[in-house]
Amino acid sequence: MFRKHMSYGALACMLALHLVSCNSSSNSEKQKEETHNPATQTIPEEAKGLIGRWDLTVDNEGKEAPSWLEVKLSGFNTLVGSFVGSSGSSRPVSHIKLDQGKFSFEIPPQWEGGDGMFTIQGELAGETIKGTITSNKGNTFNFTGTKAPYLVRTGDAQWGEPIELFNGKDLSGWNTSSDNSQWEVIDGILTNKKTGANLISEQKFDDFKLIAEFRYAEGGNSGIYLRGRYEVQVEDSPKDRHPGSLYFGGVYGFLAPSEIVTLGPNEWNKFEITLRGRMVTIVANGKEIICNQEIPGITGGALDSKEGESGPIYLQGDHSAVEFRKITIIPAK
């Protein structure tokens with residue numbers, strides 16, 4: 001009886017040792033599989049030319065329309081990204097297929113409405129890309145793209161003299177985007193009475209500090225475009241919402257404010273915005289809500305995708321009524 005117990009005990013020990021050995025081997029293999037370092041990520045040879053940010057220009061029935069694409073590597077060999085059309089916000093791209101230099105992906109409609117998907121197809125052409133965008137309604141548009149510039153600035157900024165973009169009297173120094181302008185100066189206030197044209201400064205700027213005091217009605221929706229390409233959101237956002245890039249003070253679709261600090265509709269709000277290269281700092285009503293964050297690319301509604309060039313300040317007038325009593329810019333020297 002004792003020998004039998006000894007035999008069973010020895011067998012149990014052997015099994016236990018075998019399980020420990022198997023588990024150790026399994027854990028070791030699992031740890032080996034999961035070990036990775038994004039900083040030393042190996043980019044597949046075929047994807048090297050495509051990965052990055054692209055400033056796109058779309059041929060929309062003979063007129064140039066801006067767009068933007070970012071391609072990133074997820075894990076070992078999956079390509080993902082983000083896409084910005086001529087309107088709307090940045091949209092996530094869950095999978096970009098790449099085969100023999102040709103890429104393609106699909107995205108659902110956003111503000112365009114309708115069913116079905118948008119299909120983007122393209123290929124590398126030297127240091128550029130080219131391809132087509134087919135809408136969910138079956139319309140096809142050609143595009144070309146160049147790598148977006150980094151816009152890195154070094155050293156301390158040197159600021160020039162303030163320029164009053166709004167003189168308090170008339171629309172001198174401004175152009176409208178169409179004949180349907182609803183902008184006028186009433187009692188010293190620059191007023192967009194209702195949905196109409198956008199207002200674009202004649203002067204163009206590179207790096208700058210911008211001070212704007214504005215007021216919107218209940219339910220208002222407008223924006224201030226930096227260099228005509230990056231929209232800072234002016235919106236009647238409820239204060240009890242979680243901050244988001246589509247709400248008051250956000251860089252539309254890209255950067256969320258740390259908190260929603262609007263004073264509300266029918267009150268004078270104030271932005272102090274510093275833009276240097278791609279780096280932006282936004283102070284709203286005395287509180288810093290975005291601190292030296294990078295703007296990845298153009299936002300929907302941009303005038304163009306030529307990010308390496310200077311650009312105007314443009315005020316969105318194609319959404320709802322909005323008023324400005326001060327627009328001051330301090331350009332970098």
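I began with the largest pocket, which has a volume of about 560 Å³. This is a predicted model, where local features need pLDDT of at least 70, side-chain atom pairs count only at pLDDT 80 or more, and totals for chains, interfaces and linings use all residues. Residues are numbered from 1 along each chain as its sequence is written, and side-chain values use heavy atoms, with hydrogens and water left out.

A note on terms: on a 1 Å grid over the protein atoms alone, a pocket is an open set of points where a 1.4 Å probe fits, with protein on both sides within 12 Å along at least five of seven lines, and lining residues have an atom within 4 Å of a point. Points are joined across faces, edges and corners, and a volume is the space filled by probe spheres set on them.

Next I looked up the lining of the largest pocket: 26 residues, with Ser86, Ser87, Gly300, Gly301 and Asp318 nearest the centre. I find 9 nonpolar, 12 polar and 5 charged residues there (Ala, Val, Leu, Ile, Met, Phe, Trp, Tyr, Cys and Pro are nonpolar; Asp, Glu, Lys and Arg charged; the others, Gly among them, polar). Strand 2 (63-74), strand 15 (221-226) and strand 16 (230-235) each supply at least two lining residues (strands are DSSP runs of E, at least two residues, numbered from the N terminus). Strand 2 gives the most, with 4.

Then I turned to the second largest pocket, which holds about 340 Å³ of space. It is lined by 18 residues, and Ser86, Glu112, Phe118, Ile133 and Phe141 are the closest to its centre. Strand 2 gives the most to this lining, with 3 residues.
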